[in-house]
Amino acid sequence: MFDFIEAHQEDIMLGLSSICFMVGIFAIITKSLPKRRKLALVDIEFSAAILLYSDRLAIMYHGDPSTLGYWIVRISNFLVFFMTISVVHAFNLYISDLCRNEIGRGSVPTRLRIVEMIAGIGWILVIVSQPTGLYYTFDANNAYQRGPGFLICYIIPLAALFIQLSVIIQYFKRLSLYISIPMLLFTILPMMASILQFVRYGIVFTDMTIVGMAIVLYIFAIIEMNDIIAEAQHRELDESEQKRLSIRKSLVQVIQAFANAADSRDRYTRGHSLRVADYSRNIAKALGMDEKERFRVYNSAALHDIGKVEIDDSIIRKTGRLTEEEEEELKKYPVLGGEILSSVDELPYLHQAAEFHHERYDGKGYPKGLRGEEIPIIARIVSVANAYDEMTSFNSSREPLAQGKVRETLIKGAGREFDPKVVDVMVDMIDHDTDYMMREQEEESVDESDRNDITVVNRMHFDDYKDDVSDGIRISKEYLKISFETRPDAGFARKNSLPSIILFDSFDACVHKNERNIKNQHYLEYGEIWMDGHTICTSARDIKAEINVRESSDNIDENEWVAYEIEAVNVKDHTKIKIRSRYLFADITVALPDATRYVYLGITGEHCSIKNISVKEIGLGLGEHSIARIAPEVDYFTRKDGDIANVEVDGYRETSTLGIPVEDGMRMFFRTQSLPVANLIHHCAYILLYSSDDGIVGGKNYAEYACVRIDGDDATEDGKAENKLTVHKDEDFAGWDAWKESNKNGFDCEIEFKRKRNRITFKTDNAGIWIECVTTVPAGADNVYVALTGNLCTLMNIRVR
């Protein structure tokens, strides 16, 4: 390697000196460096460039007896020795600036001042060496010869570098790595190169190393300053972003205040505008709008009813039917709202929801009769969100509608009152809201005797039986633990004044006694269980209780609080309830009518109080056969198994059939029938395309490509493929009520599959709904499966051809 360097030494020196000279020019025009540091770097780069180029000339003209050679050899050798000291001095200036500004000393260390003195002595000795021959002389052939004091020219710069190294090591941790490491190398590597050069005479290791490190020093200094500038810009941006967020937060707070002011005029609309704003923002997100667009949607939606502040209170608060004159007056509020908000020039979008949310997709709305996409997208979103909240909130004449009824109403309004795309998103949000949380949570009702759905709180009191019942607590296959303490009211015996639990199902998870609500909320009561183990079976098929009395309740003081612990779990059509207290243990099994309904537990009682109520999920899931049956399993299969076993789907995509690999030309036949409890359009069969390592839905590396309901709706969750869904209603379609009736009676389905590489097409026609889905799966997805699933339906006699 040394031979190669020696052979190409002059070229290497020319390249390095040229680069170093260019770096010096860059250092001059650089604006990011502090002034003193910049001057020090310029000094380093030009001194190092002159040093190496002079050394190159000295080598080239070594032994050249011509007049030109005579002068070049003498001038270049002088510059080599002089510029070596100059580089060390410039580096000292660089370190001194860092000590003043970066390290935080405020002054230059004494050791660096000593280096200044050493550099001065070094320059003087270089000058003295010219006439005296202290460092070098030239023979008759103009050849360079080392002088008697040659070692001094090495000792002086090395001593300076050692002193500088001590300063660098002392303050190493106070500097960034971009500064400290190159400085460390700048001192160490030239010293090592000097030793190597002393041993291997003829190769200028020291000068080439100095030039190389000078270049590195500049590069890392620039990187460091760029990082500092970037950090400063980042801080500035952060401060700007904080200001922006603060302004944005203030804007939202102002808008929310105005929205609440508009809602507060009627107790039935309190919170309405902000709920609509939240729903609208979620719809906008599902439609693919970015964060800025969603912010605009939220703000506009929050003020959609602002025009009502201009309407007389007598109209806003009227509980009865409005007269024609009052209706016409009320219809003015969108225009009034638009006028109020149009004056906000900085937020030109703000008026859109207020002015246009009563426009209809078919053009029959008001105030301007806009049609389709003539209506601003914000208004189309708010129109659906507003309708949803009105249906799921209390008003003066009714309670919130059942979630399924709300869903069906929106579907029927798609294309007429509402934008179909927005309805699709809202329906999907409803389908995922299995616990019906998207509704007004405020516990208000006009007829409290008719509605017994107070929230489970820390303390409850019961007078007459069922006067008060807690909100329903859903029992699932995850163990639920409920604990509380109870005592009877004064003057009442403990054995006759106990809490009880009611097992039931309803759309709103509340116990009802009024016939209208029982019908509207599809309320079904399974039975009652008292804390002494006594049971009453109503709609359940059977209830069996095993009771172990540990102590008579007659022996307990009537004023004493007695602790109870209830464990509840449900598996398919059986529910297990365990009750523990100091005087009894009860193990109760309830056989439900079937596995298609939910089970809720409501706490009530008679002439007693309960306190310290706690409800926790233990998280211990049970298997299908973990509860001993007290009644045979109920199924609604009317056909025998086909190529694949029949499946009953008792909840939204709760189970599915075995997967079948999709092949070109394949046909699948099956019969489907909605369960007796089903009453909505989406209670039907679903066609599912997917892949997984084991071919099982939800299996290892599961990827869902398409899930299409046979009513034509898309139920794909987190789809990994591109789908084009086409749905038509043909002459056989007699309306959705007739379609639901056909589904209730059951009908045969046929699905035709075509596959060409990664494109899969399937078609089906069911009771007048023609469906075609073209799915483009990712490249490499060779094993694609089809399975059937659904919601509250049976899938029977499944055959594949």
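Buried here stands for under 20% relative accessible area, exposed for over 50%, and partly exposed for anything in between, using a 1.4 Å probe and protein chains only. Cys-99 is buried too, and its relative accessible area is 0%. As for disulfides, meaning pairs of cysteine sulfur atoms within 2.5 Å, the structure has zero.

A word on what you are looking at. This is a predicted model, where local features need pLDDT of at least 70 and side-chain atom pairs count only at pLDDT 80 or more, while totals for chains, interfaces and linings use all residues. Residues are numbered from 1 along each chain as its sequence is written, and side-chain values use heavy atoms, leaving out hydrogens and water.

Now the whole protein. We have 19 helices and 27 strands, both taken as DSSP runs numbered from the N terminus: H or I of at least four residues for helices, E of at least two for strands. The radius of gyration is 43 Å, well over the 28 Å that the globule rule gives for 801 residues, so the protein is more spread out than a compact globule. That radius is taken over C-alpha atoms, and the rule is 2.2 Å times the number of residues to the power 0.38. Along the principal axes, the C-alpha atoms fill a box of roughly 125 × 75 × 65 Å.

And how much of the protein is buried? Of its 801 residues, 50% are.
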